[in-house]
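This report describes a two-chain model. It covers the fold of the chains, the sheets within them and the contact between them.

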Amino acid sequence: MRKHIYILFILLPLLATAQKSDTVKQKADTVRSKFKPTGIRFGTDLISIGKSQYVKTFTGWEVNADADIYRYFLAFDYGSWGRNYSTDSANYSNTGRYYRVGVDVNFLTKDPEKNAFFIGMRFGHSKFSEDFVVDLNDPIWGFLHQEYTNSNVKASWLEMTTGIKVKMWKFIWMGYTARYKFALSMSKTDRLIPSDVPGFGRTDKPTTWGFNYQLFFRIPIAKEK
Amino acid sequence: MKRVVWFALFLVVGVSCLDQPDCFRQDLNLIGISFRKMYDGAADTVVLLKVSATSTDSVFYENVYGATFSLPLNYLNTNTTFVIEQLVREYLDGMSQTDTMFLSHSSKAQFVSEDCGERFVVSNLQLLRSTYDSIEVVSATPSNPAHINIKVYRCPRTNIMRMSFRQLYMDKNDTLSRGKLDSRPITSIINTDAVTTPWLQDTTMSAILLPLNPNTNSTTYNFKFDNGDSNSVTFNYHIGTEQIIPKCPTQNLYSQLDTTTNTFKILKISKDSLQDPPVTNVETFRCPTTNEIKVSFKQIRGSSKVTDTLHITSLTTDYLGDSSVVSADTSAITLPLNPDATTTKYTFNVTGETTSPLTLQLKYTTTTYVFHSVCGTQTIFTELAIDDANTSFYSANMIALLPDVRFPSVTNIEITRK
């Protein structure tokens, strides 16, 4: 995991250097004003809200925020995620909180409405608990009734993101973010292997996809140049 | 409106990408056991009569052979004890040996999905003890499907000889002077020191492994074959001792293999000392049958010639006298020629034909030839032809395809129904 974090921080300056040749030609005061944030967007994930209403096995919410610094967005997400599954032989539930922090690079820098098509990276972290009750009859080894619990498990991962944010009306933006999640690492557990990490998803695959459909409100904090 | 469509499109695409559960992983609790020979580490094919575990009534294997096997660990517990009953080829009576393998491991549960339920991941495999000569854990991580986790080694088996059956051919050019391996249907092979349990029964083999009695200097085997042949052979040998491999005890070494009594027509000692893996020590040969021809039945269908079926209830060969009841639908039949005459007549009682019986008389010339010195002088048949005057087979074309009799038999006569 530490290796992937290093890679993330190595890549970010590389993204920045793509604009270096343009920026060195700017005067110092112009550069300062260019990198001054012009607004902060606060939003929420509509899919999480919808799933909480209509999917019996899921409860959760997620809030998002970003601030523009020239063509970069500093992004922060915070959410809650709980699952509750029941099968013939098992009951599983988990609950936890997570956050993601990272940077997006906007490729629509000249759009007067501040619309964005972006690619970025995130570092995600989650802390969660799980309960698992198994009641099965194995055809070879017989009956098992067992309760398993994991408490305060910590997990972290990396994400590559892409998406768009489009101004819909005055201060309202909508957007989506597709996430490719990888490099999951978790703290050690005793007898129960975590099944679902809030913010990441299922753990039985090394990588997974996520998708957010977000509604934002933008608060301007500086006048546009 | 355009923006709404734009967002709706991406929403559908995105939601469809959300991962749905699939049951591609199951319990990771299988271990692979590889049986090997201690002296070279090569795979050892074993016969497992029964493989079970102490904590279940389930039987994992019964009467199987192979060199690697997979077994499930008890993921509900931290120990699994396997009981493995194995045929031991060194024993004269085909008796088995039972070994046990005490294993410890740890197990973790995981919920996979609503559709797939739970799974168990077993790890940290350790061998507590076993009754095998030598055994090692090479991988402590069970998997699914299994890979090799445990290797079981055995000491050399020094008392097993190999005997092969060979068939000699009518081979004038002597390119097959030793013939070819001969798969013989065997009714039974019994070691006279363990008469109650046949060493082999009801099988077809071209080579067999026979253990020599380690307590005496001779071992006798009685053979019964499906064709009615019965043979007996007594092997004599010298027994020495040596520690072949440091991990194994002092073992017998068998040499100077020979026979005292033998009823096989031809039996040859090709190697007089035994080794593991066994090499052919003894070969028995059958001489070529020189007087058998094959007759096939055909019919014309359209513009092509296809196989015809004749329902023969009985068949009489003149020089043999007796009538053999066939009572079968046949499209080809092997017939013997009289070596003491120049004609042989066959009478077929058939059903479903306008005329019965049908007769077929063949004429030929006989000479003698020595194909193999061990077989002596044999009669060979040439200039084979149909004696039309004494043949009453239904209106047909009869062709003598091949005037010389060969072994193995080839179709000499073809009878085509019009």
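The secondary structure of chain B comes to one helix and 30 strands, where helices (H or I, at least four residues) and strands (E, at least two) are DSSP runs numbered from the N terminus. This is a predicted model, in which local features need pLDDT of at least 70 and side-chain atom pairs count only at pLDDT 80 or more, while totals for chains, interfaces and linings use all residues. Residues are numbered from 1 along each chain as its sequence is written, and chains are lettered from A and ligands numbered from 1 in the order in which they are written.

Of the 418 residues in chain B, 24% are buried (20 or more other C-beta atoms within 10 Å of a residue's own, with C-beta atoms placed from the backbone). Contacts (C-beta atoms, placed from the backbone, within 7 Å) between residues at least 6 apart in the sequence of chain B join residues at least 24 apart in 53% of cases.

Chain B contains an open sheet of four strands with mixed pairing, in the order β4-β1-β9-β8; two strands pair if DSSP finds at least two bridges between them. Strands β4 (68-72) and β8 (134-137) of chain B are at the edges with a single partner strand each, so one side of each has no neighbour in the sheet. The twist from one strand to the next averages 25°.

In chain A, eight strands close into an antiparallel barrel in the order β1-β2-β3-β4-β5-β6-β7-β10. Here the average twist from one strand to the next is 25°. Helix α4 (residues 46-54) of chain A packs on this sheet and touches β1, β2, β3 (72-86) and β10 (208-220) of chain A. The direction of α4 makes about 170° with that of β2(A) (axes are lines fitted to C-alpha atoms, for helices over the stretch in contact, and angles run from 0 to 180 degrees between N-to-C directions).

| Strand pair | Sense | Bridges | Facing residues |
|---|---|---|---|
| β1(A) (39-45) and β2(A) (58-69) | antiparallel | five | A:Ile40 and A:Ala67 |
| β1(B) (30-37) and β4(B) | antiparallel | five | B:Gly32 and B:Ser70 |

The contact takes 29 residues from chain A and 26 residues from chain B. On the chain A side, at least two residues each come from β4 (90-106), β5 (116-138), β6 (142-169), β7 (172-186), β9 (201-202) and β10. Strand β6(A) gives the most, with five residues. The chain A side divides into 19 nonpolar, six polar and four charged residues; Ala, Val, Leu, Ile, Met, Phe, Trp, Tyr, Cys and Pro count as nonpolar, Asp, Glu, Lys and Arg as charged, and the others, Gly among them, as polar.

Technical notes
A residue is buried if 20 or more other C-beta atoms lie within 10 Å of its own, exposed if 12 or fewer, and partly exposed in between; C-beta atoms are placed from the backbone. Two residues are in contact if their C-beta atoms, placed from the backbone, lie within 7 Å.
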